[in-house]
Amino acid sequence: MPVITNIEDLKRIYQRRVPRMFYDYAESGSWTEQTFRDNCSDFDLIRLRQRVAVDMSGRSTASQMIGQDVAMPVALAPVGLTGMQHADGEIKAAKAAEAFGVPFTLSTMSINSIEDVAEATSKPFWFQLYTMKDEDYVSRLIQRAKDAKCSALVITLDLQILGQRHKDLKNGLSAPPKLTPRTIANLATKWRWGIGMLGAKRRHFGNIVGHVKGVSDTSQLNAWTTEQFDPTLDWGKIEKLMDQWGGKVIFKGIMDAEDAKMAAKLGADAIVVSNHGGRQLDGALSTIRMLPAIMDAVGGQTEVFLDSGIRSGQDVLKALALGAQGTMIGRAFVYGLGAQGQQGVSTALEVIQKELDTTMALCGERKVTALGRHNLLVPEDFGGRWQD
Ligand SMILES: Cc1cc2nc3c(=O)[nH]c(=O)nc-3n(C[C@H](O)[C@H](O)[C@H](O)COP(=O)(O)O)c2cc1C
């Protein structure tokens, strides 16, 4: 067994084990990938303030996200096609999250369905909603999430239309993969993945196939998703979705102070400062750079979470110290899943927690909830001097 000491180790194994098409799907951003790269590199610009001679006993990474106890404030972000990264990927990731004590978010575009995940787990998970033109379908989806006792609806606001990722078009991304000479040649080297997939519960989009009239196979489905994302989504429609759901709501994809204020005004329980991991608007600032302005804008009226670019517990600590109550990880858990299934997701979470705990200690803090701006050294021009 390889010795895993950081997220990068998992990524290397992931790249070897998972078909190229799905590795590329996860490991890319839109267009030039500037935002995708900045998300990670901007974390590195922030440095930490080391403190000494502080009693380090009895440390804890435990906290709360939207009133739920969490072992550390790191939720698994919604990731489409997770069940193509590893057989029954959503079930495996949800189980790892449940055992660890952090929230799991199921994507609308998952392979395992809401019901599959509910059946395999015993604690409530979060459900992420993409809004579609087919309102009946969206209503039924919300009802299915209610029936499954999901404890929050995560409404993703930054994907009314899809940002272009060159590799997905070139690879002909589909679930399951279409068999062409190129994909067959690549799949032949991924036998472990293939054997797993033969026994998988599903290989199609579980929340969609069989639940939408006229959709029975993936080729139709691809056309359907492109056509179906709702370009008219606005705050009025969002309010209606909130009424329909009636429970806790998290708005994901907020990158602007004005939007953050609006989200708080509508009564969001939390917002996620997110640029979709650099997959939507290429040229947007990194989330860690945007965070301080958004914290100022909401002024404690709603919880603020951050995702995009987190690859370590130190990144989590930096987001928390700049004011976020919580974080989400996308690729960091996908690497673990693709590398080693459920165990790999657990390892990713353990790595992040250990890094968070050690960094906290060396910064002179015993509780994640005590982290603050005083723990960081932030470049003077970190926010940048950008003119609107
Ligand atoms: C492969 C992949 C698929 C994703 N699918 C979804 C999705 O279905 N719904 C959603 O709201 N966000 C989706 N996201 C965005 C993630 O929820 C999250 O915002 C992003 O991964 C955070 O950046 P990170 O991967 O650098 O941690 C996806 C991200 C990736 C990498």
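**Close-up views of the predicted model**

**View 1. Pro176 and its cis peptide bond.** Pro176 is placed in the loop between α8 (166–171) and α9 (181–187), where helices (H or I, at least four residues) and strands (E, at least two) are DSSP runs, numbered from the N terminus. The peptide bond that leads from Ala175 to Pro176 is cis, with omega near -5°. This is a predicted model, in which local features need pLDDT of at least 70 and side-chain atom pairs count only at pLDDT 80 or more, while totals for chains, interfaces and linings use all residues. Residues are numbered from 1 along each chain as its sequence is written.

**View 2. Asp88 and its backbone.** Asp88 lies in the loop between α4 (82–85) and α5, and although Asp88 is not a glycine, its phi is positive, at about 55°. Most residues other than glycine have a negative phi, and most peptide bonds are trans.

**View 3. The contact of α5 with α16.** Helix α5 (residues 89–100) packs with α16 at an angle of about 15°, their axes being 8 Å apart; axes are lines fitted to C-alpha atoms, for helices over the stretch in contact, and angles run from 0 to 180 degrees between N-to-C directions. That angle makes α5 roughly parallel to α16, on a scale where angles under 35 degrees count as roughly parallel, over 145 as roughly antiparallel, 65 to 115 as roughly perpendicular and the rest as oblique. The crossing of α5 and α16 is left-handed, meaning that the near helix is turned anticlockwise from the far one by less than a right angle, whereas clockwise would be right-handed. From α5, Gly89, Lys92, Ala93, Lys95, Ala96, Ala99 and Phe100 meet Phe333, Leu337, Gly341, Gln342, Val345, Ser346 and Leu349 of α16, contact being defined by C-beta atoms, placed from the backbone, that lie within 7 Å. The residues of this contact comprise eight nonpolar, four polar and two charged, with Ala, Val, Leu, Ile, Met, Phe, Trp, Tyr, Cys and Pro counted as nonpolar, Asp, Glu, Lys and Arg as charged, and the others, Gly among them, as polar.

**View 4. The contact of α15 with α16.** The axes of helix α15 (residues 313–321) and α16 come within 7 Å and cross at roughly 55°, and the two helices are therefore oblique to each other. The crossing of α15 and α16 is right-handed. In α15, Gly313, Gln314, Val316 and Leu317 meet residues of α16 that include Ile352, Leu356 and Met360. The residues of the contact of α15 with α16 divide into five nonpolar, four polar and two charged.

**View 5. The contact of α13 with α14.** Helix α13 (residues 257–266) and helix α14 (residues 287–298) have axes that come within 9 Å and cross at roughly 40°, which makes α13 oblique to α14. The crossing is right-handed, and the contact joins Ala257, Ala260, Lys261 and Ala264 of α13 to Ala293, Ile294, Ala297 and Val298 of α14. By class, the residues of the contact of α13 with α14 are seven nonpolar, no polar and one charged.

**View 6. The shell around the ligand.** Ala77, Gly80, Ser107, Gly277 and Gly330 come nearest among the 24 residues around the ligand, a residue being near if its C-beta atom, placed from the backbone, lies within 6 Å. The elements giving two or more residues to this shell are α2 (20–26) and α16 (331–362). The shell has nine nonpolar, 11 polar and four charged residues.

Technical notes
Two residues are in contact if their C-beta atoms, placed from the backbone, lie within 7 Å.
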